[in-house]
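I hope they are handy to keep beside the viewer as you click through it.

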Amino acid sequence: MTTPLRGHCTCGKVAYQIDRMPLFTHCCHCRWCQRETGSAFVLNALVEAEAFTVTRGAPVDVDTPSESGNGQVIARCPDCHVALWSVYSGAGPKFRFLRVGTLENPDLCPPDIHIYTASKQPWVILPEGIPAMPEYYRRSEQWPAESLARRERVLAAG
Ligand SMILES: [Zn+2]
Ligand SMILES: [Zn+2]
């Protein structure tokens, strides 16, 4: 894969790049993601915050409730308000959940897992061969070893 990957909001005032391929990409079918996107699911690619560079403009952080009750901060363009990524209190500020659809080529980050399929909209047909979980999952059972090691490195960096 060729990094960096670049992305931007709809009006183009905020642009970013990531210098690494995502650790893991979630396709989340929970009701909260359905509401936030106005769609059937969200595609969130987990990337180390340190791999991000904002190359144009400055996103604004919007506090948003999350199903866990701990909340998330969604980085949005100050003008068109498109959501670019989220920081969840659960995962902490060292990781961002990038909205894959904001990438210039979102085809590069297909889902590694489908989660919260218990509330999947019934017309969505899941592909064979990709793990699908009724709720969340155990990272140690699903992430590739390289991604687990990258995560540990970031956490150990203090
Ligand atoms: Zn914008
Ligand atoms: Zn969700």
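1. Let me begin with the inventory. This is a predicted model, and its secondary structure comes to 3 helices and 10 strands.

2. If you want to set up a box around the C-alpha atoms, they fill roughly 40 × 35 × 30 Å along the principal axes.

3. Buried residues account for 31% of the 158 residues. As for contacts between residues at least 6 apart in sequence, 52% of them join residues at least 24 apart.

4. Now to the sheets, beginning with the one built from 7 strands. This sheet is open, its strand order is β6-β7-β8-β9-β4-β3-β10, and the pairing is mixed. At its edges you will find β6 (60-64) and β10, each of which pairs on one side only. Ignoring direction, neighbouring strands here are turned by 30° against each other on average.

5. Within that order, β8 and β9 are worth a click. The two run antiparallel and are joined by 2 bridges. Trp-85 has Leu-98 of β9 as its bridge partner.

6. There is also an open sheet of 3 strands, in the order β1-β2-β5, with antiparallel pairing. Its edge strands are β1 (5-8) and β5 (52-56), and each pairs on one side only. The twist from one strand to the next averages 25°. Between β1 and β2, which run antiparallel, there are 4 bridges; Arg-6 stands opposite Gln-17 in β2.

7. Which residues touch the most other members of the largest nonpolar core? In this core of 33 residues, they are Cys-28, Ala-45, Leu-46, Val-47, Leu-84, Leu-98 and Val-100. Strands that each supply at least two residues of the core are β2 (15-18), β3 (24-28), β4 (42-48), β7 (72-76), β8 (83-88) and β9 (95-99). The largest share, 5 residues, comes from β4.

8. Leaving out residues up to four places away in sequence, Val-100 touches Thr-25, Leu-43, Ala-45, Pro-106 and Cys-109.

9. Finally, please have a look at Thr-117, which sits in the loop between β10 (113-115) and α2 (139-142). Is Thr-117 buried, exposed or partly exposed? With 19 other C-beta atoms within 10 Å, Thr-117 is partly exposed, because a buried residue needs 20 or more within that distance. Its contacts, again leaving out residues up to four places away in sequence, are His-29, Leu-126, Ala-132, Met-133 and Pro-134. For a sense of placement, the C-alpha atom of Thr-117 is separated by 23 Å from that of Val-47, with the two residues 70 apart along the chain.

Note on methods:
Residues are numbered from 1 along each chain as its sequence is written. Chains are lettered from A and ligands numbered from 1 in the order in which they are written. This is a predicted model: local features need pLDDT of at least 70, side-chain atom pairs count only at pLDDT 80 or more; totals for chains, interfaces and linings use all residues. A nonpolar core is a set of buried Ala, Val, Leu, Ile, Met, Phe, Trp, Tyr and Cys residues joined through C-beta atoms within 7 Å. A residue is buried if 20 or more other C-beta atoms lie within 10 Å of its own, exposed if 12 or fewer, and partly exposed in between; C-beta atoms are placed from the backbone. Two residues are in contact if their C-beta atoms, placed from the backbone, lie within 7 Å. Two strands pair if DSSP finds at least two bridges between them. Axes are lines fitted to C-alpha atoms, for helices over the stretch in contact, and angles run from 0 to 180 degrees between N-to-C directions.
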